Amino acid sequence: MRERILGDMLVEKVVSGAVSEQAVERLYAEQQRLARATEEVRVRLILAPTKEQADAVLGVLGQGAAFEAVAAQRSIDDATRYSGGDLGYSTLDVLPGPYAAALQGQTPGAVVGPIQTETGWAVLKVEDRRVETPPTLEQARPQIVRYLTYEGVRQLLEQLRGQAEVEISLDGAKTAPPSAPVESAAPPAAQKTSASPAGNAS
């Protein structure tokens, strides 16, 4: 019991040292330094079943119709048609390949298509572009604390293994190794008694 309490105190001391405010801020600053600025694009979609219908959509849009209204009337994508075809913000690398290729370098307000996909012909509108906002320190803190805690415990275990063999018991119970069987002593040999022959009476 005493050894377990001392072990818990040692782990707590190591973890508290590893997860200091200075360590959290230092790791956050390093993450921000290495982070690559990523651009997000907000896209709207009108999905038509055929190329002819997609071309007709482009014609209606070219006459000044609102993209959101045409999406609600003509798009066959039920997931977005009632929100004006809004796909929200995303980076190009998570969009389908044909979408990403068509949207590369397009500025807000641009309409591109038709683009053939597995589910139909797509007409896309670039609604907005922005640089992805990195998480604040408070938003990133839980993940950083988990990482520093893991690293502190890992380094402690490596240090202990270097000094002595660490025995880990899954159930906390120590089982004594079975002792070698003890051979029972052989019973003492029976003592032979020889009867003296009776003397002949003279």
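**Close-up 1. Helix α4 lies across strands β1 and β4.** In this predicted model, α4 covers residues 67-74. Its direction is about 45 degrees to β1. Lying across rests on contact, meaning heavy atoms within 4.5 Å. Helices (H or I, at least four residues) and strands (E, at least two) are DSSP runs, numbered from the N terminus. Axes are lines fitted to C-alpha atoms, for helices over the stretch in contact, and angles run from 0 to 180 degrees between N-to-C directions.

**Close-up 2. Helix α3 lies across β1, β3 and β4.** This helix spans residues 51-62. Strand β4 spans 120-131. Against β3, α3 runs at about 170 degrees.

**Close-up 3. Helices α3 and α4 pack against each other.** Two packed helices are described by the angle between their axes and the distance between the axes. For α3 and α4, the angle is about 150 degrees and the axes are 10 Å apart. The two helices are therefore roughly antiparallel. That word applies to angles over 145 degrees; under 35 counts as roughly parallel, 65 to 115 as roughly perpendicular and the rest as oblique. Which residues meet here? From α3 come Ala56, Val57, Val60 and Leu61; from α4 come Phe67, Val70 and Arg74.

**Close-up 4. Four strands form an open sheet.** What is the strand order? It is β2-β1-β4-β3, with antiparallel pairing. The edge strands, β2 (86-91) and β3 (111-117), each pair on one side only. On average, neighbouring strands of this sheet are turned by 35 degrees against each other, direction ignored. Two strands pair if DSSP finds at least two bridges between them.

**Close-up 5. Strands β1 and β2 run antiparallel.** Strand β1 covers residues 39-48. Four bridges join β1 to β2. Look for Arg44: its bridge partner in β2 is Asp86.

**Close-up 6. A hairpin joins β3 to β4.** The link runs through two residues. Five bridges hold the antiparallel pairing of β3 and β4. Ile115 stands opposite Ala122 in β4.

**Close-up 7. Arg130 lies over the face of Tyr89.** The distance to the ring centre is 3.6 Å. A charge sits over a ring if NZ of Lys or CZ of Arg is within 6 Å of the ring centre and within 35 degrees of the ring normal.

**Notes.** Residues are numbered from 1 along each chain as its sequence is written, and side-chain values use heavy atoms, without hydrogens and water. Local features need pLDDT of at least 70 and side-chain atom pairs count only at pLDDT 80 or more, while totals for chains, interfaces and linings use all residues.
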